[in-house]
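Dear colleague,

Please find below the structure that I am handing over to you. My notes on what was found in it follow directly after it.

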Amino acid sequence: MSEILLNPGPVVLSERVRNAMLRPDLCHRETEFVELQNSIRHDLLNVYPLPEDKWAAILMTGSGTAAMEAMMTSLVPDHGKVLIIENGVYGERLSKIAEIHQINHMRLHHEWGAAIDLKLLEDELQYKEGFSHVAVVHHETTTGRLNDLAGIAAVCAKYNLPILLDGVSSFGAEDIEFEDWNIIACAATANKCLHAVPGTSFVICNRNALDVMQATPPRTLYLDLSSYLKNQDANGTPFTQSVQTFYTLAEALKELQDQGGQKKRQQSYWHRLNIVREGLDKLGIDALMQVEECSCVLNAFHLPDGIDYQRLHDELKKNGFVIYAGQGDLSKTLFRISCMGEISDQELERFVNVMGSIV
Ligand SMILES: Cc1ncc(COP(=O)(O)O)c(C=O)c1O
């Protein structure tokens with residue numbers, strides 16, 4: 001029996017996407033690869049949708065963190081300064097990247113899971129001058145909190161500051177208003193809400209934002225978005241790409257469109273998570289947050305009384321379900337459930353029944 005993955009990616013693949021991996025072996029310098037790359041770049045811009053003259057999808061081989069690091073190192077100029085909002089592991093990872101690459105930055109720290117304090121954000125932007133960008137995670141997968149991007153964007157707009165977004169666990173499912181929220185770049189990956197395999201990540205980038213970077217020397221060789229963009233616009237690639245992952249991403253993007261696009265995916269994730277939330281609620285297992293605060297991609301739950309994570313995980317795994325631990329100390333109190341990928345309602349109902357038998 002193949003396992004039902006309830007972790008936040010990699011996801012259970014559809015047969016259609018799985019079979020795409022079996023397409024012919026292909027050299028990344030051949031015209032067939034160019035067609036494949038161009039179709040992915042085009043379809044990625046259509047997910048929200050964004051005009052190709054102003055926006056570019058820049059593809060790289062690497063996990064979501066590669067896209068985060070590419071975005072942070074390629075878009076903040078030498079004379080710039082980024083305010084990084086933290087309320088979980090991934091916001092803190094953005095800060096780590098800035099630190100390693102010596103990018104001028106400040107942290108606006110919150111406890112893991114806390115709502116972002118817009119008043120604090122406003123104070124920071126108002127009284128500490130010199131910021132050029134704000135960086136934030138959309139869906140903080142640490143706790144399942146969907147950060148209030150509309151609110152953050154409204155504050156940033158007062159100070160004319162563009163947003164660098166970690167959309168790794170939201171792109172393809174949650175609403176992202178690129179232009180209204182003044183997002184100039186969004187880092188994301190193939191193997192979460194888009195339902196392809198791990199190995200390819202990308203940055204959706206406003207072309208003007210890269211033009212501004214011409215005076216700043218590249219901070220890395222491999223993750224330099226300007227170099228990727230120049231090559232990909234000219235039908236090339238600076239480095240070998242993960243061809244088989246590209247095959248799956250191209251197919252997964254067609255599948256997303258066939259299934260009704262991002263809004264439909266958002267609805268279907270909520271439908272699935274509601275089966276889980278309501279089922280677990282009846283068993284006395286509480287969700288960490290109210291629905292209004294949560295992403296449709298993942299919700300966190302309190303561990304049932306007297307059952308530690310490892311035991312819960314192992315019992316569920318024996319029954320074909322893989323769940324996800326809380327991060328750091330949260331593993332002692334929380335577990336996380338994501339319903340991305342090819343998962344049926346029946347499987348989720350069975351999951352709830354198995355949970356019932358365990359508790
Ligand atoms: C919001 C967010 N950002 C970044 C990452 C890092 O992605 P990866 O593990 O693919 O490098 C994750 C992974 O779960 C994530 O959820």
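Is Ser-331 buried, partly exposed or exposed? Ser-331 counts as partly exposed because 16 other C-beta atoms lie within 10 Å; the scale calls a residue buried at 20 or more other C-beta atoms within 10 Å of its own, exposed at 12 or fewer, and partly exposed in between, with C-beta atoms placed from the backbone.

Two conventions apply to these notes. The model is predicted, so local features need pLDDT of at least 70 and side-chain atom pairs count only at pLDDT 80 or more, while totals for chains, interfaces and linings use all residues. Residue numbers start from 1 along each chain as its sequence is written.

Ser-331 and its sheet

Ser-331 is placed in the loop between S13 and S14. (Strands are DSSP runs of E with at least two residues, helices are runs of H or I with at least four, and both are numbered from the N terminus.) Residues up to four places away in sequence aside, Ser-331 touches Tyr-309, Ala-325 and Gly-326, contact meaning that the C-beta atoms, placed from the backbone, lie within 7 Å. Tyr-159, by comparison, is 172 residues from Ser-331 in sequence and 38 Å from it in space, C-alpha to C-alpha.

S13 pairs with S14 (residues 334-338) in the antiparallel sense over two bridges, where pairing requires DSSP to find at least two bridges between the strands. Across this pair, Tyr-324 stands opposite Arg-336 in S14.

The two domains

The domain assignment gives domain 1 (4-8 + 260-358) and domain 2 (15-258); such bounds come from an automatic or database assignment. Their C-alpha centres are 27 Å apart, and 21 residues of domain 1 contact 22 residues of domain 2. On the side of domain 1 that touches domain 2, helix H10 (261-282) and strand S11 (298-302) each supply at least two residues. H10 gives the most, with five residues. That side of domain 1 is made up of eleven nonpolar, seven polar and three charged residues. Here Ala, Val, Leu, Ile, Met, Phe, Trp, Tyr, Cys and Pro count as nonpolar, Asp, Glu, Lys and Arg as charged, and the others, Gly among them, as polar.

Of the 13 residues around the ligand, Ser-63, Gly-64, Thr-65, Thr-141 and Val-168 come nearest; a residue is near if its C-beta atom, placed from the backbone, lies within 6 Å. Helix H3 (residues 64-75) gives the most to this shell, with three residues. The shell divides into five nonpolar, seven polar and one charged.

Ala-66 also lies in helix H3. Ala-66 is partly exposed because it has 19 C-beta neighbours inside 10 Å. Beyond its neighbours within four places in sequence, Ala-66 is in contact with Met-60, Ser-201 and Leu-223.

Strand S5

All five residues of S5 (residues 133-137) are buried, so this strand is largely enclosed by the rest of the structure. One face carries His-133, Ala-135 and Val-137, and the other Val-134 and Val-136. S5 pairs in the parallel sense with S3 (residues 82-86) over three bridges, and Ile-84 stands opposite Ala-135. Four bridges join S5 to the parallel strand S8 (residues 163-166), where Val-134 stands opposite Ile-163.

With kind regards

Key. Two residues are in contact if their C-beta atoms, placed from the backbone, lie within 7 Å.
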